[in-house]
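Dear colleague,

I am passing on the structure we spoke of, and it is placed directly below. Please read it alongside the notes that come after it.

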Amino acid sequence: MNPLLQLKRFLLLIPETILFGISYAQFFFWSRSPVPLDASEIWQRLTQPGHPWLEGLQRHYPPAPVRRLYAKLYVRFKDRIAGIAQHYDLSNQFYQLFLDRRYMFYTCADFIDRTDTLEEAQNHKANFLVNLLDPQPGERILELGCGWGAMLKKLYETTGDRENLYGYTLSIEQKHFIDDHYGFHAEFKDFITTDYAPNAWDKIYSIGGMEHVPQADLLPLAQKLAKTIKPTGRLVHHFFSQTSATPATRLLAGGADVFPGLELSHWQQHLDVFEAAGLRVVHHSVHDYRPTLQAWFQRLTDQAEEAIKLVGVYHYNRYLCYLAVAWRLFNDRDLTIMRFVLQRQDAPVAWRSTLYAAPDTAPVEDSKIHLLMPL
């Protein structure tokens, strides 16, 4: 064990606590450990509440105005695109250790039953999104932030149409993975600054992409998407956002270290932006990220030796801390994950979810109705 690294960890505790709060200092203290962390201990420390007064201090220090100031200043000095590359280009093999083996989704799964495997839960999520998109062969479909091609693969399995599937990514490693494994039209392109042709796409969707859109870019992006989607098309967004306009204290470390340059928005800001851009919300649902984060944490710890070989102790430790802190953020309702279906406000026909379909029930006999009436 390097004594200088250990000394540095302890020396930074006090200034980081004063400047950025206990949660920030705690995250970096543990993630900088020069030896692999004990998984059960770090999960307990970072997910479970401590003494009430300490919890209160953690939640409210730094004060809300200071946190808002930090969030605004930070994104001015941290390059968003470089931050995306720093996170997603770490190692494709590393992510394969803990993501689902069928698709490699790096987004919230739907655990319908406690016995669901990660693979089953991610397939549930994929099926849910397919039903929202209702993709048809021949439709031009675009994914904003296509990851390792998970949803493109699902859509190809659904429609059998490879030629009309497109994805944009800012990760060189993800593009290489898609090129090597699937051959979809994956482009290294920033979907925020891209110029889109009018009425060019039948369906556009993002799964974990809207989190990477700075607040100032939300409305211009939504306006471009509203113009490029066909009047008969639809947009589907699966993303998480803050439940308050002020970032939670535990988010400060995530923005500084895990997702550099990230600026999350409040969920109401997304709603306001969609409507201002000429879009109409026709579906909105809230989902639970916690089982997915816990499953990833467990898989990563089960593959600790291989993970350390691939990326080293430092990155292994910081991912353990990040997954545990993310679980706590969703458990405390500081973050929430949602799925929106959007249409242009001038759409000729409103999209209707299958949830609105009339049930196929037999007529009730008059005698049964009488039995239900009060005497």
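This is a predicted model: local features need pLDDT of at least 70, side-chain atom pairs count only at pLDDT 80 or more; totals for chains, interfaces and linings use all residues.

Residues are numbered from 1 along each chain as its sequence is written, and side-chain values use heavy atoms, with hydrogens and water left out.

On the cavities, the structure holds 2 of 30 Å³ or more; a cavity here is a set of points, on a 1 Å grid over the protein atoms alone, where a 1.4 Å probe fits but cannot get out, and lining residues have an atom within 4 Å of a point. Grid points are joined across faces, edges and corners, and a volume is the space filled by probe spheres set on the points. The largest cavity has a volume of about 70 Å³, and its lining is made up of S23, Q26, F27, L46, R250, A253 and V325. Two or more of the lining residues come from each of α2 (22–31) and α12 (249–258), and α2 gives the most, with 3 residues; helices (H or I) are DSSP runs of at least four residues, numbered from the N terminus. By class, this lining has 4 nonpolar, 2 polar and 1 charged residues, where Ala, Val, Leu, Ile, Met, Phe, Trp, Tyr, Cys and Pro count as nonpolar, Asp, Glu, Lys and Arg as charged, and the others, Gly among them, as polar.

The second largest cavity contains about 60 Å³ of space, and the residues that line it include R80, E211, H212, F259 and E263. Its lining has 6 nonpolar, 3 polar and 3 charged residues.

Helix α2 is largely enclosed by the rest of the structure, because 9 of its 10 residues are buried, that is, under 20% relative accessible area with a 1.4 Å probe and protein chains only. Among these buried residues are S23 and F27, which also line the largest cavity. What covers the buried residues of α2 includes α1 (3–20), α3 (39–47), α4 (52–60), α12 and α15 (304–331).

Turning to the rings, a search of the whole structure finds 36 aromatic pairs, meaning rings of Phe, Tyr and Trp (its six-membered ring) with centres within 6.5 Å, and with planes over 60 degrees apart counted as edge-to-face. One of them is the edge-to-face pair of Y95 and Y319, at 6.0 Å centre to centre and 75 degrees between the planes. This pair links distant parts of the chain, with Y95 in helix α7 (residues 92–98) and Y319 in helix α15, 224 residues apart, and both Y95 and Y319 are buried. The rings of F259 and Y322 have centres 5.7 Å apart and planes at 85 degrees, so this pair is edge-to-face. F259 lies in the loop between α12 and α13 (267–276), Y322 lies in helix α15, and 63 residues separate them; both are buried.

Charges also sit over rings, which requires NZ of Lys or CZ of Arg within 6 Å of the ring centre and within 35 degrees of the ring normal. The charged end of K125 is 4.3 Å from the centre of the F105 ring, and R162 lies over the face of Y156, at 4.3 Å from the ring centre.

Finally, T301 lies in helix α14 (residues 290–302) and counts as buried, at 16% relative accessibility. Leaving aside neighbours within four places in sequence, T301 is in contact (heavy atoms within 4.5 Å) with A39, Y316 and L320.

With best wishes

Methods. On a 1 Å grid over the protein atoms alone, a cavity is a set of points where a 1.4 Å probe fits but cannot get out, and a pocket is an open set with protein on both sides within 12 Å along at least five of seven lines; lining residues have an atom within 4 Å of a point. Buried means under 20% relative accessible area, exposed over 50%, partly exposed in between (1.4 Å probe, protein chains only). Rings of Phe, Tyr and Trp (its six-membered ring) pair if their centres lie within 6.5 Å; planes under 30 degrees apart count as stacked, over 60 as edge-to-face and the rest as tilted.
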